[in-house]
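This report describes the fold and selected local contacts of a single protein chain. The sequence and the model are shown first, and the description follows.

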Amino acid sequence: MMWIVLICASFCELGFTVCMKLSNGFKNVKFTILTFLITALGIFLLSTATKTLPLGVAYAVWTGLGTLFTVLFGILVFKESRDRKKLFFMCMVVAGVIGLRLCT
């Protein structure tokens with residue numbers, strides 16, 4: 001159950017990074033407010049997950065999946081590059097998250 005909470009926290013990391021970009025340097029009030037709300041929700045979910053998951057594993061998975069989701073979103077929505085090296089290292093992040101999951 002806490003792994004699902006942790007994955008939801010990682011999606012919040014995607015949400016806050018996208019809203020932060022759309023806030024245009026915190027000039028767009030709507031996206032600025034969303035950035036802070038989603039950040040708070042993500043940290044709340046992370047703290048909930050750490051009640052049963054080891055802190056280091058939970059934090060690494062949270063940031064790793066958040067990074068992966070953000071890079072994928074950037075490629076799919078913002079038309080950022082999908083360089084082979086970038087895709088390779090994204091696979092490495094996935095391998096790391098799977099490895100950490102297998103260790104707990």
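The backbone nitrogen of Phe26 lies 3.1 Å from a polar atom of the Ser23 side chain, a polar contact in the sense of a pair of N or O atoms within 3.5 Å, where within protein one must be able to donate a hydrogen and the other to accept it, and residues adjacent in sequence count only if both atoms are side-chain atoms. The model is predicted, with local features requiring pLDDT of at least 70 and side-chain atom pairs counted only at pLDDT 80 or more, while totals for chains, interfaces and linings use all residues. Residues are numbered from 1 along each chain as its sequence is written, and side-chain values use heavy atoms, with hydrogens and water left out.

**The loop between helix 1 and helix 2**

Ser23 lies in the loop between helix 1 and helix 2. The side chain of Ser23 also reaches the backbone oxygen of Met20, at 2.7 Å. Ser23 is buried, with a relative accessible area of 0%; buried means under 20% relative accessible area, exposed over 50%, and partly exposed in between (1.4 Å probe, protein chains only). Apart from neighbours within four places in sequence, Ser23 is in contact with Asn28, Phe31 and Thr32, contact meaning heavy atoms within 4.5 Å.

Phe26 is partly exposed, its relative accessible area being 42%. Most residues other than glycine have a negative phi. Phe26, although not a glycine, has a positive phi of about 65°. Elsewhere, Lys79 in the loop between helix 3 and helix 4 (84–103) has a positive phi near 60°, and Lys79 counts as exposed at 67% relative accessibility.

**Overall architecture**

The protein chain contains four helices and zero strands, where helices (H or I, at least four residues) and strands (E, at least two) are DSSP runs numbered from the N terminus. From the N terminus on, the order of elements is α-α-α-α. Along the principal axes, the C-alpha atoms fill a box of roughly 40 × 35 × 15 Å. Of the 104 residues, 35% count as buried. Among contacts with a separation of 6 or more, 62% are accounted for by residues 24 or more positions apart.

Helix 1 has 21 residues and reaches 30 Å from its first C-alpha to its last, close to the 30 Å expected at 1.5 Å a residue; the expected span is 1.5 Å times one less than the number of residues. The buried residues of helix 1 include Trp3, Leu6, Ala9, Glu13, Phe16 and Cys19. They pack against helix 2, helix 3 and helix 4.

Helix 2 (residues 29–49) likewise has 21 residues, and its end C-alpha atoms are 30 Å apart, in agreement with the 30 Å that it should span. At the start of helix 2, a side-chain oxygen of Asn28 reaches to within 3.1 Å of the backbone nitrogen of Lys30. The buried residues of helix 2 include Phe31, Thr35, Ile38, Gly42 and Leu45; what covers the buried residues of this helix includes helix 1 (2–22) and helix 3 (55–76).

Thr48 is also in helix 2. Thr48 is buried, with a relative accessible area of 16%, and its side chain reaches the backbone oxygen of Phe44 at 2.9 Å. Beyond neighbours within four places in sequence, Thr48 is in contact with Met2 and Val5.

Axes are lines fitted to C-alpha atoms, for helices over the stretch in contact, and angles run from 0 to 180 degrees between N-to-C directions.

| Helix pair | Axes come within | Crossing angle |
|---|---|---|
| Helix 1 and helix 3 | 8 Å | roughly 45° |
| Helix 2 and helix 3 | 10 Å | roughly 145° |

Helix 1 and helix 3 are therefore oblique to each other; angles under 35 degrees count as roughly parallel, over 145 as roughly antiparallel, 65 to 115 as roughly perpendicular and the rest as oblique. The contact is made by residues including Trp3, Leu6 and Phe11 of helix 1 and Val61, Trp62 and Phe69 of helix 3. The crossing of helix 1 and helix 3 is right-handed: a crossing is left-handed if the near helix is turned anticlockwise from the far one by less than a right angle, and right-handed if clockwise. The crossing of helix 2 and helix 3 is right-handed. There, Gly42, Ile43 and Leu46 in helix 2 meet Ala58, Tyr59 and Trp62 in helix 3.
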